[in-house]
Amino acid sequence: ISSGINAEYGDTPGSDVLYALLCTTRAAMRSYHDYTGFAGIFHALHRSLQAVDTSSLHPDCTALVSSLSGLYTQYSQKTMPFLRYTNTKPVSIKMYEPKFSQVWVRKRKDKDETAHLKRKIKREMKGAVREIRKDNKFINRLKHKDQSDADKARKRKVNEIMGFLSKEQGEANDLKYRKKRGQA
């Protein structure tokens, strides 16, 4: 089936498909030529058509490629307009002035003042507790230092006494040994 169709538009395989695609492209170009985005839509196709080697194609296909290039240059002359936002004025939010009664304001002021004073008292209590903790730590450090100094002094005295006692014991043992030697 395809050999009869290929013979009509050349001996290369797929030349009939190429001819059908070129005809479809021409119809698309003609139907979309009024659009401002024509150049953007068909630009890649135009570049592909410029890269096609037309020397090995059937004369009808070559004529279609050149006519498509001509159509592209003819229809792509339109410039696209700049996009613009619609100029609409923003809708403002309705603002209402609040009505204050003097009684409510006074009560609110009293409540705010009492709440402020309570917060202040709480803050001062926390500060006082913090100071007491610092003082307790300082006192404990002093007590610990005094205790360690007393322990060192006691240990030093014990060592002196033990040294004195060992010296006395050594002299007593020496005296006892000498007595034994002198009597024996």
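Of the 184 residues in the protein, 12% are buried, where buried means under 20% relative accessible area with a 1.4 Å probe, counting protein chains only. The model is predicted: local features need pLDDT of at least 70, side-chain atom pairs count only at pLDDT 80 or more, and totals for chains, interfaces and linings use all residues. Residues are numbered from 1 along each chain as its sequence is written, and side-chain values use heavy atoms, with hydrogens and water left out.

The accessible surface comes to about 16700 Å², and carbon and sulfur atoms account for 58% of it; the area is computed by the Shrake-Rupley method with a 1.4 Å probe. The protein has five helices and zero strands, taken as DSSP runs (helices H or I, at least four residues; strands E, at least two) numbered from the N terminus. Among contacts (heavy atoms within 4.5 Å) between residues at least 6 apart in sequence, 66% join residues at least 24 apart.

## Helices α2 and α3

Helix α2 (residues 15–31) packs against α3 at an angle of about 155°, with the axes 12 Å apart. Axes are lines fitted to C-alpha atoms, for helices over the stretch in contact, and angles run from 0 to 180 degrees between N-to-C directions. The angle makes α2 roughly antiparallel to α3, a term for angles over 145 degrees.

Leu22, Thr25, Ala28 and Met29 of α2 make the contact with Phe38, Phe42, Leu45 and Leu49 of α3. By class, this contact of α2 with α3 has seven nonpolar, one polar and no charged residues. Ala, Val, Leu, Ile, Met, Phe, Trp, Tyr, Cys and Pro count as nonpolar, Asp, Glu, Lys and Arg as charged, and the others, Gly among them, as polar.

## Helices α3 and α4

The axes of α3 (residues 38–51) and α4 (residues 59–75) come within 10 Å and cross at roughly 150°. The two helices are therefore roughly antiparallel to each other. The contact of α3 with α4 has nine nonpolar, three polar and no charged residues.

## Helices α2 and α4

The axes of α2 and α4 come within 10 Å and cross at roughly 20°. Helices α2 and α4 are therefore roughly parallel, the term for angles under 35 degrees.

Residues of α2 in this contact include Tyr19, Arg26 and Arg30, and those of α4 include Asp60, Leu64 and Tyr72. By class, the contact of α2 with α4 has eleven nonpolar, two polar and three charged residues.

Notes
Angles under 35 degrees count as roughly parallel, over 145 as roughly antiparallel, 65 to 115 as roughly perpendicular and the rest as oblique. Buried means under 20% relative accessible area, exposed over 50%, partly exposed in between (1.4 Å probe, protein chains only).
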